[in-house]
Every structure is written in C-alpha cells, then in structure tokens.
Amino acid sequence: MTLEEFLAQWNDASDIIEVHTSGSTGKPKMLLVEKRRMENSARITCDFLGLKKGDTALLCMPLDYIAGKMVVVRSLVSHLHLISVTPSSHPLKDITQQVDFAAMVPLQVYSSLQVAEEAERLRSIRNLIIGGGAIDESLESLLRQFPNAVWSTYGMTETLSHIALRRISGEESSLWYSPFDSVDVSLSSDGCLEIYAPAVNPERLKTNDIAELRTLADGKKQFRILGRKDNVIDSGGIKIQIEEVERLLRPHLKCGYLITKVPDARLGEAVTLLVDTLNKEGLAEICRAVLPKHWVPRHILTVKPLPMTGTGKPARAEAEELASVKIRESMNP
C-alpha cells in the first residue's frame, strides 16, 4: 500500500478502516477498526513522547500493517511534518534533516548502526521507538548509550499499535514495560497478560504472552514478557520456552536461526534449530555448551530463507510446519 492509497482510505466517508495482523503465529487476520480509536492511540503516544506541531516524523515501515499506518495517523493528529521513505533495512540512507520521531524494527536499527553516517543520524533521532521483534542483548547494550530517548514497544494490531513502552537508553533504562495511564494490565489464571485499553479497544484482551507483573510504590503497574504461551515446547514433560532458548544462543550463533519444535514419538515434542546456512559444523557443540541438557536441539535443519512475517517477526507456525516437513522427508527419502 502506498501513502497516497492510505490517505485516500483515511479521508473517505467511512468511519472504519481495514488492518491486518502480522501473522507471526498463524495466518494474518483482517480486522475492521474505528478511525477514531486510531486517533486516540496516536494522541496517547504523541502526548507521552511530547511530540508537537511541526516536529518531523519518519515513515519507514510498510503501510500494510498497523505500525506503518499509525506513524501516518500520529502525523495527522499532531500536525507533524511527515517524511516518507521506501521501507528497507537502511531507512536513514538518504535522510539529511533532523528527525524528531521514528518507528523501526530491530533489523533497521541494527543495519543503520553498521554505516557510520547512518549510525550518527540514528543517534540524533529525538524519540526512536522499536517494535515488531525481540531486541538483541548486544543491540540493546549499544542503544543504552544513545543520547536521546529510545523505547521498546509492546502492543498488537488489536490495540492499534503499542499500549506500553520500555525505556532502553539512558539512566531510565529498564527491563519492565510501563503501560500508558489509560491502560490497565493484569494476569490471567495461566499467567498470560491481559490488557484493558478502552480508548483503543472496548474489549478486555487476553494475550498469549506469559508475563510477570509488579506494582510500584505509587500504585502504577509494570510488566515484563517471559515468552509466548504457544511458544512452549513440551519435551519429555519438560516445558521449554522457545524465546529463552533463542536468547541463550544469541551471543554464540553467527548465522540466522530460529527455534521451533517437531513431533517426537518418545518425547512428545523435540526442540529443533532452523538455520539459514549450509555449514552446520560446530553448531551442535555450541548448543551443548551453552544450553541446559534438555534444551539442546535434537535436530538442526537448514531453511533458506528463514520464515519471517512482513514485519520481520519469526513466522512460528510456518517454521513448525517447515521443520516437520523436512523431518518427514529425511525419514522417507
């Protein structure tokens, strides 16, 4: 979708607009949402970040998904000066003016840091929000030194972008997300985060994210995400969180990789490592060295490219299916 096409939809007579989920855990879904609720979400973010009329916002994410759409809506609601560039891994390549606000995925941030001129432009952004995927520990360590505000976001399509932010840069850096004042969070009986954000969605939303909740001295709540409920591998009765396995491997694997699972006659489900390289020498040894015994992958499979969504998240359902197919093919050549 182009910016012109989105603006035409936004300015038509309809009170609703069509958005699509990313499809990170299954097939993308289409949702119809009220434009006024998108405006509410935009105002909440702009007020929190202190964005004002005339500030410059950078649109560098696809308009097919809510994250890109909301950059435009924030610009419309708060009268920001919008700069639009073609989505790529190097969104700052041709940017010459000061940017006050930008939303990026981790890949864009990482790639920008590899080029000196782009890294300097990234550091100069007054408010940078990062979403759409996990932020690598080494990347977060670099961002912690940034002079301006860098935030990790938490949200979903159903909440019309983020409902909580976590500061990465500076002395206020934290592992805990702080919900906006208009948002209430709680835990379900199975430990998953529940969200009530009536300004953007009238329903109480139960997520599949296993979370930890804490209440500060002033009564405000914060949370941190431990992993997704549907990303648990039940291997021989031991519950293994996919994100935790990936986190432990991150400092040690130089190739692209994902953790998934396949059916196993003895264990029920087996931990499986997908990599995007044909050279798998040494990978098994690394896994045995850095992972608990029961977390070590029973299978290491090459998949090129690794299954990812349009917003750069791991496509978990597709990864599981690909792994199962490859295992079946290896058993029945």
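This report walks through a sheet, a helix pair, a cavity and a pocket in a predicted model.

## About the model

Residues are numbered from 1 along each chain as its sequence is written, and side-chain values use heavy atoms, with hydrogens and water left out. Since the model is predicted, local features need pLDDT of at least 70 and side-chain atom pairs count only at pLDDT 80 or more, while totals for chains, interfaces and linings use all residues.

## A four-stranded sheet

Let's start with the strands (DSSP runs of E, at least two residues, numbered from the N terminus). Four of them form an open, antiparallel sheet in the order β10-β11-β12-β13, where pairing requires at least two DSSP bridges between two strands. β10 (184-187) and β13 (221-228) are the edge strands; each has a single partner, so one side of each is left without a neighbour in the sheet. On average, neighbouring strands are turned by 55° against each other, direction ignored.

## Two helices in contact

Next come two helices (DSSP runs of H or I, at least four residues). Helix α4 (residues 106-113) packs against helix α5 (residues 116-124) at about 125°, with the axes 6 Å apart. The axes are lines fitted to C-alpha atoms over the stretch in contact, and angles run from 0 to 180 degrees between N-to-C directions. That makes α4 oblique to α5, the class left after under 35 degrees (roughly parallel), over 145 (roughly antiparallel) and 65 to 115 (roughly perpendicular).

From α4, Val 109, Ser 111, Ser 112 and Leu 113 meet Glu 118, Ala 119 and Leu 122 of α5, contact being heavy atoms within 4.5 Å.

## A cavity and a pocket

On a 1 Å grid over the protein atoms alone, a cavity is a set of points where a 1.4 Å probe fits but cannot get out; a pocket is an open set with protein on both sides within 12 Å along at least five of seven lines, and lining residues have an atom within 4 Å of a point. There is one cavity of 30 Å³ or more. The largest cavity holds about 60 Å³, and its lining includes Ser 41, Ile 44, His 162 and Ile 163. Both α2 (35-49) and β8 (161-167) give two or more residues to this lining.

The second largest pocket has about 490 Å³ of space. Of its 22 lining residues, Phe 48, Ser 178, Pro 179, Asp 181 and Lys 220 are the closest to the centre. β8 gives the largest share of the lining, three residues.

How values were computed:
Grid points are joined across faces, edges and corners, and a volume is the space filled by probe spheres set on the points.
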